[in-house]
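Please walk through the ligand site of this protein and the pockets in its surface.

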Amino acid sequence: MDRTVWSKIEAEIEATKNVTIGDLFASDPKRARRFTVEAAGWTLDYSKNRISQNTMDLLLELAKAANLKDEIEKMFSGEKINRTENRAVLHTALRNCAPGAQVFVDGADVMPGVRAVLDKMSAFADSLRKGVWRGFTGKRIRNIVNIGIGGSDLGPAMATAALAPYSKRSIHCFFVSNVDATQLAETLRQVKAAETLFIVASKTFTTLETMTNARSAREWLVRELGSEEAVSRHFVAVSTNAGEVAAFGIDTANMFEFWDWVGGRYSLPSAIGLPLMISIGPSNFRKMLRGYWRMDMHFRTAPFSRNMPVVMALLGILYSNGWHADSYAVLPYDQYLARFPAYLQQLDMESNGKGVDRDGKKVDYATGPVEWGEPGTNGQHAFYQLIHQGTRLIPCDFIGFCRSHNPIGDHHDKLCANLFAQTAALAFGKSADACRAEGVPEELVPFKTFEGNRPTNTLLADELSPATFGALVALYEHKIFVQGVIWNIFSFDQWGVQLGKVLAGNVLPALSSAEPPAAGVFDQSTDSLVRRYRAARGLAV
Ligand code: F6P
């Protein structure tokens with residue numbers, strides 16, 4: 001992070017630390033308009049933040065000092081910016097809707113491949129939806145079970161729920177990710193083998209959880225349908241690894257390809273989105289891609305001062321590094337987006353949860369924050385107390401829509417009234433004097449006072465459609481990218497997940513072997529836990 005600019009921002013924070021969001025509104029009748037930007041069907045009102053125009057100007061200097069413009073171009077044009085894995089980062093190519101677009105990696109245009117896979121997915125989704133592709137016994141496919149984890153699960157699971165109003169309701173989508181057999185078992189209890197298609201989704205096709213679940217599902221299917229031959233009608237794969245797909249026993253004709261330049265957590269608009277496409281149909285899927293693309297184009301071309309992902313990224317940095325907020329909440333006021341915070345956890349925390357900079361040196365500033373959230377209004381009756389009156393600063397993103405897919409009575413007005421009211425309550429609070437004026441007894445005044453000055457962004461779109469949904473996901477993807485650039489960290493690798501995987505591989509045999517582990521193989525605590533487990537299962541300790 002640029003030290004010279006950052007020290008100016010720190011000085012600005014120090015100089016204005018007693019100026020509240022309420023003060024800022026009182027001194028600027030045009031503030032709401034000044035701090036509102038529009039992009040790809042979304043309005044972002046960021047006026048309820050601890051910023052003046054000066055703060056924003058300084059934050060924009062920070063973006064400039066990080067050469068953000070060049071970094072954005074490098075990403076879009078296929079440079080290998082994922083340096084620790086020597087890969088390009090081209091999720092934007094997956095939704096590049098510009099006619100005749102070309103994007104090169106190692107001298108080869110990736111766009112023909114992107115279009116070919118989209119066409120193959122569309123043909124498959126259509127034939128399944130129309131009942132042309134049938135199961136081994138001739139029955140229509142009514143259930144899709146996606147087996148994948150992380151980026152091969154969270155994106156399609158979240159999006160399939162988000163776009164349920166556009167789905168073919170006679171096809172049910174299930175998502176199995178956990179190696180805990182409970183998830184698979186409970187899913188299989190709800191479906192009939194003859195009517196079920198399994199999509200084994202794994203970029204590497206080696207992930208322990210996915211391969212374990214896929215093997216168990218395959219055994220179940222063969223048992224239920226009485227023939228190995230059933231597998232080819234009931235299993236397809238989504239992967240970058242044709243060799244492993246074939247080794248698993250899935251015909252590579254039934255494999256939907258993607259590429260090493262698509263990060264797992266950025267892979268929803270690739271073939272990883274197959275269950276979503278089956279659910280909402282190819283035309284809606286393409287509308288979603290167009291929504292992503294509109295936000296991509298906005299991000300690539302809009303001046304930083306009006307650039308929604310850049311503005312959100314800078315505000316996040318202001319709070320993480322300037323105000324020392326450890327986390328931020330994402331609060332969608334739409335039940336269809338219930339899984340959006342969980343999806344963002346991987347997107348943000350796997351991308352920017354890094355402790356060394358691009359030169360491999362330990363950073364001495366905070367990087368990726370903890371992201372969490374739940375849909376409104378449920379969260380209001382659970383954790384908002386802490387956001388309103390707790391000791392921690394928790395910046396929040398509120399997300400809402402002007403129209404509901406389920407316009408029953410006045411539910412939607414009530415929902416949105418709560419959204420708008422929460423942002424006002426957080427920003428402006430309620431003073432002790434206002435409590436007294438209402439006749440609150442003096443001893444209760446401290447408990448009923450709200451300091452306010454709690455920052456929020458509000459994101460509003462007309463309705464939750466494939467296009468606004470795609471744009472929303474792209475907005476957060478790019479926000480996270482910008483933060484990675486400014487923090488000078490690599491956002492597209494995930495070495496931090498490796499160690500635990502390796503150690504699990506070492507522990508696994510010790511849980512079922514005839515002989516207990518030799519002394520000293522594991523650390524003291526792990527050893528005692530392994531022995532406790534073995535004892536409960538009747539094995540020698
Ligand atoms: O363990 C982390 C991770 O590598 C994620 O980055 C990825 O999304 C997930 O595992 C699943 O990987 P795959 O798609 O290769 O099975």
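**The ligand and its pocket**

The side chain of Thr204 places an N or O atom 2.6 Å from an oxygen atom of the ligand. For Thr207, an N or O atom of the side chain is 2.5 Å from a ligand oxygen, and for Glu350 the corresponding distance is 2.8 Å. The protein covers 87% of the 390 Å² of accessible area that the ligand has on its own (Shrake-Rupley method, 1.4 Å probe).

This is a predicted model, in which local features need pLDDT of at least 70 and side-chain atom pairs count only at pLDDT 80 or more, while totals for chains, interfaces and linings use all residues. Residues are numbered from 1 along each chain as its sequence is written, and side-chain values use heavy atoms, with hydrogens and water left out.

Around the ligand there are 14 residues (a heavy atom within 4 Å). Ser152, Ser202, Lys203, Thr204 and Thr207 come nearest. By class, this shell has two nonpolar, nine polar and three charged residues.

The ligand takes up the space of the largest pocket (more than half of its atoms lie within 2 Å of the grid points). A pocket is an open set of points on a 1 Å grid over the protein atoms alone, where a 1.4 Å probe fits, with protein on both sides within 12 Å along at least five of seven lines; lining residues have an atom within 4 Å of a point. The largest pocket has a volume of about 1,100 Å³. Of its 39 lining residues, Ile149, Thr207, Val497, Gln498 and Lys501 are closest to the centre. H21 gives the largest share of the lining, six residues.

Conventions
A polar contact is a pair of N or O atoms within 3.5 Å; within protein, one must be able to donate a hydrogen and the other to accept it, and residues adjacent in sequence count only if both atoms are side-chain atoms. Ala, Val, Leu, Ile, Met, Phe, Trp, Tyr, Cys and Pro count as nonpolar, Asp, Glu, Lys and Arg as charged, and the others, Gly among them, as polar. Grid points are joined across faces, edges and corners, and a volume is the space filled by probe spheres set on the points. Helices (H or I, at least four residues) and strands (E, at least two) are DSSP runs, numbered from the N terminus.
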